[in-house]
Amino acid sequence: LVEPLAVLAEILAPGADESGFACMLCDLLRQNLEAKPQKLGDFMALKGVVALVADDADVAVTLELRSGSCTIHAGIHGIPDVTIRGVADAVMSLSNLPVTTRLGLPIPRDEGGQVVLRTLVTALRRGELKLHGAWRRPGLMSRLGRVMSVDG
């Protein structure tokens, strides 16, 4: 088994340490893998480029995922396979989405999970959250959801 901290040793791209959003995602990823080592299998299988854009905060980051490594870039880097775009609260609340099945489906087990799911569905309906390319890469989205979820 690979040690999570060794996998995440060089996660921030040069200059990304100046982005609060990039640092926050890096910390979230580290904490999730440290607290729940069972997520390491999903992390090791992640392959793709995911951009996260918080329009109202005027910040963006790109996660470059390559079979057991992740580089977080400030801004949009390269051509993303998936872009998650919306208001900062909606983008960040994705990490609170309850992911309880092997398929990574959001199935809430408690009232708090139901509230998060309803909030995200409402944000999608209102256009406050957009998932570009997500339907073409369901495996990437499922694994990323399981790795990034603080509840799963």
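Which residues does Leu63 touch, not counting residues up to four places away in sequence? They are Leu25, Gly48, Val49, Val50, Leu52, Cys70, Thr71, Ile72 and Leu144. This is a predicted model. The chain holds 6 helices and 5 strands. Of its 152 residues, 41% are buried.

**Overall layout**
- Along the sequence, the elements run α-α-α-β-β-β-β-α-α-β-α.
- Take the contacts between residues at least 6 apart in sequence: 65% of them join residues at least 24 apart.
- The chain has an accessible surface of about 8,100 Å². Carbon and sulfur atoms account for 55% of that surface.

- Strand β1 covers residues 47-54, and strand β2 covers residues 59-66. The two pair in the antiparallel sense, with 8 bridges.
- Ala54 has Val59 of β2 as its bridge partner.
- The β1 and β2 hairpin has 4 residues between its strands. Asp58 in this hairpin takes a positive phi near 55°.
- Strand β3 spans residues 70-74 and pairs with β2, also in the antiparallel sense. Here the pairing runs over 5 bridges.
- Glu64 stands opposite Thr71 of β3.
- The hairpin of β2 and β3 has 3 residues between the strands. Ser67, in the turn, has a positive phi of about 35°.
- In a regular strand, side chains alternate between the two faces of the sheet.

**Nonpolar core**
- The largest nonpolar core counts 33 residues. Leu25, Leu52, Leu63 and Ile72 touch the most other members.
- Helix α2 (residues 20-35) gives this core its largest share, 7 residues.
- Among the contacts of Leu63 are Leu25, Leu52 and Ile72.

- Ser93 belongs to helix α4, which covers residues 88-93.
- Ser93 counts as buried because its relative accessible area is 15%, and the cut-off for buried is under 20%.
- Beyond its neighbours within four places in sequence, Ser93 contacts Val116 and Leu120.
- Val115 sits in helix α5, residues 111-126.
- Val115 has a relative accessibility of 38%, so the residue counts as partly exposed. That class lies between the 20% and 50% limits.
- Val115 and Leu97 are 18 residues apart in sequence. Their C-alpha atoms are 9.4 Å apart in space.

Note on methods
Residues are numbered from 1 along each chain as its sequence is written. This is a predicted model: local features need pLDDT of at least 70, side-chain atom pairs count only at pLDDT 80 or more; totals for chains, interfaces and linings use all residues. Side-chain values use heavy atoms; hydrogens and water are left out. Two strands pair if DSSP finds at least two bridges between them. A nonpolar core is a set of buried Ala, Val, Leu, Ile, Met, Phe, Trp, Tyr and Cys residues joined through side-chain atoms within 4.5 Å. Buried means under 20% relative accessible area, exposed over 50%, partly exposed in between (1.4 Å probe, protein chains only). Contact means heavy atoms within 4.5 Å. Accessible areas come from the Shrake-Rupley method with a 1.4 Å probe; for residues, only the protein chains shown count as cover.
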